[in-house]
Amino acid sequence: MNRRYRKTVIAGNWKMNMTATETKKFAEDMKKIMPRVKWCETLICVPACNISTAIKAFKDLRISVGAENVYFEEKGAYTGEVSADMLKDLGVKYVIVGHSERRQYFCETDTTVNKKVHAVLNAGMNPIICVGESLEQRETGITDEWIALQVKSALYGVPADKLRRCIIAYEPIWAIGTGKVAGPDEVLATHAVVRRLLCERLGETGNRIPILYGGSVKPANAGNLIGLDNVDGLLIGGASLDAQSFVQIIRA
Ligand code: PEP
């Protein structure tokens with residue numbers, strides 16, 4: 001299916017970077033160089049404490065603000081956690097769920113990822129569900145099975161009408177923050193696995209769900225990546241922290 005039937009999504013992930021003051025400065029820098037974007041949805045996922053600042057600062061830039069994480073329970077005695085309703089109430093549209101750093105450092109599992117996907121959808125937002133294999137898994141030849149398992153687990157029990165609001169981000173763990181980008185054949189093959197799964201679940205509608213690539217995306221490689229079949233956008237870590245390089249990626 002032609003990609004013009006799908007939304008192109010350029011998403012930044014600031015991780016644990018940028019204070020509120022730096023967020024405002026970034027927005028000021030962006031105002032000088034941001035093109036009037038009609039060809040894609042642009043968003044940046046920021047630390048929870050800076051969401052309100054970012055929403056205010058990015059308003060005129062037409063950059064949506066996303067969250068980097070959420071807790072799956074609705075409310076209660078979960079000190080330090082942030083619920084989906086709290087994010088929604090601030091004006092958040094997108095929430096990253098299951099980033100490999102959260103799986104690695106914060107014991108996130110396929111089960112908690114699935115619960116978070118439900119929580120985000122129930123609150124009326126869009127989950128950006130991250131999946132990806134380790135270098136060892138790729139070298140062992142089990143990438144396709146691993147990715148399929150992660151996608152199936154994340155989407156378990158999600159009804160078709162809500163599935164349409166999901167975004168999948170394929171992020172090979174060995175490519176995140178390493179400067180190593182997955183090769184075109186690797187990206188094509190893995191995105192095709194995800195697309196097949198989505199179409200099995202949703203029929204033709206599976207073609208409408210954006211699949212993003214993430215892992216060392218830079219201005220120099222963004223154009224080639226976005227030109228690949230089934231690559232409907234990019235999830236960008238390091239390069240989204242710099243206004244110039246983020247805009248260059250949007251233009252790519
Ligand atoms: C990420 O954190 O999602 C990511 C892709 O990081 P980077 O672009 O820095 O590799």
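Biologist: Why is lysine 32 called exposed?

Modeller: Lysine 32 has a relative accessible area of 67%. Exposed means over 50%, buried under 20% and partly exposed in between, with a 1.4 Å probe and protein chains only, so lysine 32 counts as exposed. Before we go on: this is a predicted model, where local features need pLDDT of at least 70 and side-chain atom pairs count only at pLDDT 80 or more, while totals for chains, interfaces and linings use all residues. Residues are numbered from 1 along each chain as its sequence is written, and side-chain values use heavy atoms, leaving out hydrogens and water.

Biologist: What makes the pair of lysine 32 and aspartate 29 a salt bridge?

Modeller: A salt bridge is a side-chain nitrogen of Lys or Arg within 4 Å of a carboxyl oxygen of Asp or Glu. The N to O distance for lysine 32 and aspartate 29 is 3.9 Å, so the pair qualifies. Both residues lie in helix α1, three residues apart, about one turn of the helix. Helices (H or I, at least four residues) and strands (E, at least two) are DSSP runs, numbered from the N terminus.

Biologist: And how do you know that arginine 103 forms a salt bridge with aspartate 110?

Modeller: Their closest N and O atoms are 2.8 Å apart, so the pair meets the cut-off for a salt bridge. Arginine 103 is buried, with a relative accessible area of 17%, whereas aspartate 110, at 24%, is partly exposed. The structure holds eleven salt bridges.

Biologist: Why is asparagine 126 called buried?

Modeller: Its relative accessible area is 15%, so asparagine 126 falls under the limit for buried. Asparagine 126 lies in strand β5 (residues 126-131). Leaving aside neighbours within four places in sequence, asparagine 126 is in contact (heavy atoms within 4.5 Å) with Lys93, Tyr94, Val95, Val120 and Arg165.

Biologist: What makes a set of residues a nonpolar core?

Modeller: The members are buried Ala, Val, Leu, Ile, Met, Phe, Trp, Tyr and Cys residues joined through side-chain atoms within 4.5 Å. The largest such core here has 72 residues, and among those with the most contacts inside it are Phe26, Met30 and Leu234. Helix α9 (residues 184-202) gives the most to this core, with six residues. A second, separate core of twelve residues includes Leu43, Tyr94, Ile128 and Ala169. In soluble globular proteins, nonpolar side chains tend to be buried together.
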